[in-house]
Amino acid sequence: MPSVEELYGEIWAGEEALEAELDRSLEPRGTDWLFTAFAALGPEPGQVVADVGARLVREHGLRAVALDPVPLHVELATRAVADAGLEEEIDVVEAAVEAMPLADGSADWIWCRDVLVHTRLTEALAECARVLRPGGRMLAYVTLATELLEPREAARLFEAVAVAPESTDPAALEASAADAGLTLVSVTRLGGEWRERMVEDGTWDAGAVLLRLSRLRRNEATLVERHGRGRVEAYRANLLWGVYQLLGKLCPTVYVWERRA
């Protein structure tokens, strides 16, 4: 630990050079990078991808089965597919990842973004392996907890937004994938990159988020009375999610797995 003299006379007195380095962008990847990562895997026209948006269908000539367990999401997705004129290319189905209404080996690809954290991990990955053809690949974007996320923080955060704690543990996630018969192809740890890019692009205001978190804490009792504990806790957790990514408590990560032949 530095002395008071060292802290004020040397360390803080010379921080301008450090600040200058931190003010320079590290050219972080944005959310569109995920589509670039999928394209690099080499999808071919006519192949089937499970759990995907219309963008992949258009860019790669794929056929898709879009799965979601939430009726409202299914309704909105069905409407969006119709508006885009893609009814022939995309089937929208109400189903959970743990029980996909697809035949064994019927999918060439699985695109799984922000889903595994809400699943029964072992069942979900086993089902993904079942529907993939031998040699088929799965791209999964997940948010993992790091050693900086304290247990009490994790418990409150995950409970509020229906996240299964096991799914945020990289060791548990990778072990479940291996047990399901999925071979690890690559891991890309994005950390705070996407959030940095959002701040730099002006699409996410970290200052406004922190201001709301402070106001929520100071006025929590009144807000809970007016809106209910569940809504307030979920809103708080949603605000913290991005902040924790910037602070390194959560680590967005992209996995690519291949089903063993």
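Which helix does I11 lie in? I11 is part of helix 1, which covers residues 4-11. Keep in mind as you read that this model is predicted.

## A nonpolar patch on the surface

Together with V4, Y8 and W12, I11 forms a nonpolar patch on the surface. The accessible area of these four residues together is about 460 Å².

How exposed is I11 by itself? I11 has a relative accessibility of 45%, so I11 counts as partly exposed. The cut-offs behind that label are 20%, under which a residue is buried, and 50%, over which a residue is exposed.

## A cavity inside

The largest cavity holds about 40 Å³ of space.

Which residues line the largest cavity? They are D51, L67, V97, M100, I110, C112 and C128. Sorted by class, this lining has 6 nonpolar residues and 1 charged residue, with no polar ones.

## The second largest pocket

Next comes an open space. The second largest pocket contains about 330 Å³ of space. Its lining is made of 15 residues, and the closest to the centre of the pocket are D114, T143, R195, W241 and Q245.

Helix 12 provides the largest share, with 4 residues. By class, the lining of the second largest pocket has 8 nonpolar, 4 polar and 3 charged residues.

Methods: Residues numbered from 1 in each chain as written. Predicted model: local features only at pLDDT ≥ 70, side-chain atom pairs only at ≥ 80, totals over all residues. Heavy atoms only, no water. Patch = residues over 30% accessible without salt bridge, like charges linked within 9 Å, V, L, I, M, F, W, Y side chains within 5 Å. Areas by Shrake-Rupley, 256 points an atom, 1.4 Å probe, with all protein chains shown as cover. Salt bridge = Lys/Arg side-chain N within 4 Å of Asp/Glu carboxyl O. Helix = DSSP H or I, 4+ residues; strand = E, 2+ residues; numbered from the N terminus. Buried < 20%, exposed > 50% of the residue type's maximum accessible area, 1.4 Å probe, protein only. 1 Å grid on protein atoms, 1.4 Å probe; cavity = no way out; pocket = protein on both sides within 12 Å on 5 of 7 lines; lining within 4 Å. Points joined across faces, edges and corners; volume = space filled by probe spheres on them. Nonpolar A, V, L, I, M, F, W, Y, C, P; charged D, E, K, R; others polar.
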